[in-house]
Amino acid sequence: MYKGIIERYRQFLPVNDKTPIVTLCEGNTPLIFSESLSNEIGLKIYLKYEGLNPTGSFKDRGMTMAISKAKEKGATTIMCASTGNTSASAAAYAAQCGLKCVVLIPDGNIALGKLAQAMIHNAKVIAIRGNFDDALNLVKTITEKYPIELVNSLNPFRIEGQKTGAFEICDSLKAAPEFHAIPVGNAGNITAYWKGYQAYRAAGQTKTLPKMLGFQAAGSAPIVLNRIVEKPETIATAIRIGNPASWKSALAARDESQGLIDAVTDEEIISAYKRLAAEGVFAEPASAAPVAGILKYHRQGYFKDFKGARIVCTLTGHGLKDPNIAIKNVGQPVTLNADIAEILQEVGI
Ligand code: F0G
């Protein structure tokens with residue numbers, strides 16, 4: 001029976017016999033070969049579909065570790081700031097093991113599904129008049145002063161858990177890919193994947209390392225611009241972040257892997273989002289950023305010397321997280337009378 005990422009990758013994770021493992025059987029997500037993207041780019045493109053985690057995002061990999069370690073330590077309350085997915089995951093794992101969960105979210109800028117998740121799992125949800133960066137600063141200050149466990153990716157156990165995404169990819173491909181493309185918001189996940197690829201190579205499981213290709217949204221691209229963005233904006237609310245906590249380690253992942261971190265526009269993100277959906281894969285807008293990114297770099301000829309190479313894109317969250325944006329981009333269904341003739345006419349039969 002599959003028991004989640006901690007049991008599967010125990011030897012690579014800082015747990016011991018006394019750590020109470022809190023799991024919802026996260027991980028073990030599909031690596032989907034994209035024929036259409038592969039044909040267009042001329043390389044092998046794979047989609048690591050993290051939307052199929054228990055709460056619908058990659059955050060569950062980090063949360064099983066952070067919550068298990070919080071339990072081990074005897075914590076009673078956890079807290080995070082979130083653009084939505086971290087709060088949904090924290091709320092679910094806290095609910096499973098009876099911890100109190102407090103989340104700060106930016107007022108009006110979190111996708112409906114994520115808000116619903118945090119609320120239904122009984123977290124104390126506080127929308128603050130400010131953005132994610134303001135919320136994270138508050139959470140840092142509060143958790144430094146009071147006996148509350150911080151479960152944002154500043155918590156090193158989050159990164160430890162998230163690095164298992166890289167392990168699964170290498171296990172599936174029987175090697176590390178040549179490129180790994182990933183959205184960058186608070187920059188924890190690019191940090192985690194790079195750590196995972198390095199750990200797997202050090203353990204002799206793989207022989208090579210991928211180039212890390214990180215993509216921010218153009219209106220929220222502090223790492224690309226090399227300065228804090230005071231008022232980040234993007235349709236991809238998950239990565240609407242102007243001052244990433246793991247900024248330095250994202251730069252290290254970029255430079256050590258000889259990769260890059262660049263920006264894609266909201267138009268490019270929505271176009272990639274619709275394209276993924278058109279091949280049956282529903283991922284939230286932030287997750288489409290790496291796909292938009294590799295298409296942009298393909299147009300610029302970046303991959304022309306890498307024939308036969310593999311690119312893995314992490315699709316970080318499920319499309320159902322943000323139903324409003326889907327409807328907004330495709331419109332409403334036609335409404336007809338309950339009449340066969342009308343239906344056949346509409347279908348064109
Ligand atoms: N994709 C999705 C769907 C996310 O929810 C996030 C981050 C990212 C990408 C970026 O990952 O922050 O590790 O660089 N969401 C956080 C949250 C900030 O609060 O849910 P990152």
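**Cavity lining.** I looked up which element gives most to the lining of the largest cavity. Helix H9 has the largest share, with three residues. The model is predicted, and I keep that in mind for every entry.

I then listed the helices behind this lining. H4 (85-97), H7 (156-162) and H9 (188-202) each supply at least two of its residues.

**Cavity search.** I searched the whole structure for cavities of 30 Å³ or more and found one. I noted a volume of about 310 Å³ for the largest cavity. Its lining counts 27 residues, and those closest to the centre are Phe-58, Lys-59, Gly-185, Asn-186 and Ala-238.

I sorted the lining of the largest cavity by class. I got 14 polar residues, ten nonpolar and three charged.

**Fold.** I counted secondary structure next. The protein has 15 helices and ten strands.

I checked contacts between residues at least 6 apart in sequence. Of these, 71% join residues at least 24 apart.

**Overall shape.** I compared the radius of gyration with the globule rule. For 349 residues a compact globule would come out near 20 Å, and the protein has 20 Å, so the two agree. Along the principal axes, the C-alpha atoms fill a box of roughly 65 × 50 × 45 Å.

**Surface and burial.** I looked up how many residues are covered. Of the 349 residues, 56% are buried, taking under 20% relative accessible area as the cut-off. I put the accessible surface of the protein at about 15,000 Å². Carbon and sulfur atoms hold 53% of that surface.

Technical notes:
Residues numbered from 1 in each chain as written. Predicted model: local features only at pLDDT ≥ 70, side-chain atom pairs only at ≥ 80, totals over all residues. Heavy atoms only, no water. 1 Å grid on protein atoms, 1.4 Å probe; cavity = no way out; pocket = protein on both sides within 12 Å on 5 of 7 lines; lining within 4 Å. Points joined across faces, edges and corners; volume = space filled by probe spheres on them. Helix = DSSP H or I, 4+ residues; strand = E, 2+ residues; numbered from the N terminus. Nonpolar A, V, L, I, M, F, W, Y, C, P; charged D, E, K, R; others polar. Rg over C-alpha atoms; globule rule 2.2 N^0.38 Å. Buried < 20%, exposed > 50% of the residue type's maximum accessible area, 1.4 Å probe, protein only. Contact = heavy atoms within 4.5 Å. Areas by Shrake-Rupley, 256 points an atom, 1.4 Å probe, with all protein chains shown as cover.
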